[in-house]
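Dear colleague,

I am passing on to you the structure that follows, together with some notes on what was found in it. Please read the notes with the model open beside you.

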Amino acid sequence: IYWACHTPRLSDAPRGKAHHQVGIGNLHGFLSGSWSFVRTFVNNNNNDDVGRGSGGGDGEGEGDDGGATTQVTRGVASFTEGSHGKDGDQEHNWLLLYSEASVVSVNGLELNATRKYSYTFDEGRTSAVVRFLDGPSKDSVFHSLNLSSGKWDATHNCDPDVYNGQFRVLHASPSPTFSPSPQTPDKSQANSASLSAASALLDAWEVVWDISGPKKDQKIKTVYTRSASPSERVD
């Protein structure tokens, strides 16, 4: 429902660019577990067909004088361990399966919406290649992802449309295996208090997709918040 790439095809090689920000060293561990999300869909050309293909809202929609519409939907998502597989001659030892579910409103009707992706990680678990697991683009590459710097830009070509994505880590709590470097007693106590305060916040990240094409001018922003404590992470 959310990514309306109607013709089955392998996308171009994933492209991405990292930014400088406090980031995630173990991407596999950070993503593992359950998340809730809020997705905001802005359609600047007010094309009904586009809204159905890119993830409409839950009835919280509104328009403006320029014809743009904004819709919001909420849902849940999870990253679970997948079985090991092979890509060509290379065997992958780290695989997460992404699954999401939400309820969207289309022309007054409430519909159950689902989406599935696979995340195949490198040996260091810092980077992943994301593939579609359902829909007409099943098994094709969507984009790559690396949040070691806290941000990532990705591009997906779905002829004649182009999807430009911006990923950003909003908060990452200290992992259960975190050990601060040796410090003086006073600094250590201050650091411990700081970590305790940070742990009270849940992990969060967001992705914004700008979609452009002959009949598309849209923005889809999804903010993910961990549904459980940081101990759910796999480090």
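Two strands are taken to pair if DSSP finds at least two bridges between them, and the elements themselves are DSSP runs, numbered from the N terminus, with helices (H or I) of at least four residues and strands (E) of at least two. This is a predicted model, in which local features need pLDDT of at least 70 and side-chain atom pairs count only at pLDDT 80 or more, whereas totals for chains, interfaces and linings use all residues. Residues are numbered from 1 along each chain as its sequence is written, and side-chain values use heavy atoms, with hydrogens and water left out.

Strand β9 (residues 127–132) is joined antiparallel to β10 (residues 141–146) by 5 bridges, and it also pairs in the antiparallel sense with β8 (residues 109–121), again over 5 bridges. A128 in β9 stands opposite F121 and has L145 as its bridge partner in β10. The hairpin of β8 and β9 has 5 residues between its strands, and there R125 takes a positive phi near 65°.

Elsewhere, K215 lies in the loop between β13 (204–213) and β14 (216–226). K215 counts as exposed because its relative accessibility is 61%, where exposed means over 50%, buried under 20% and partly exposed in between (1.4 Å probe, protein chains only). The C-alpha atoms of K215 and P160 are 9.2 Å apart, although 55 residues separate them along the chain.

As to confidence, the chain averages a pLDDT (the predictor's confidence in each residue, from 0 to 100) of 76, and 63% of the residues score at least 70.

With regards
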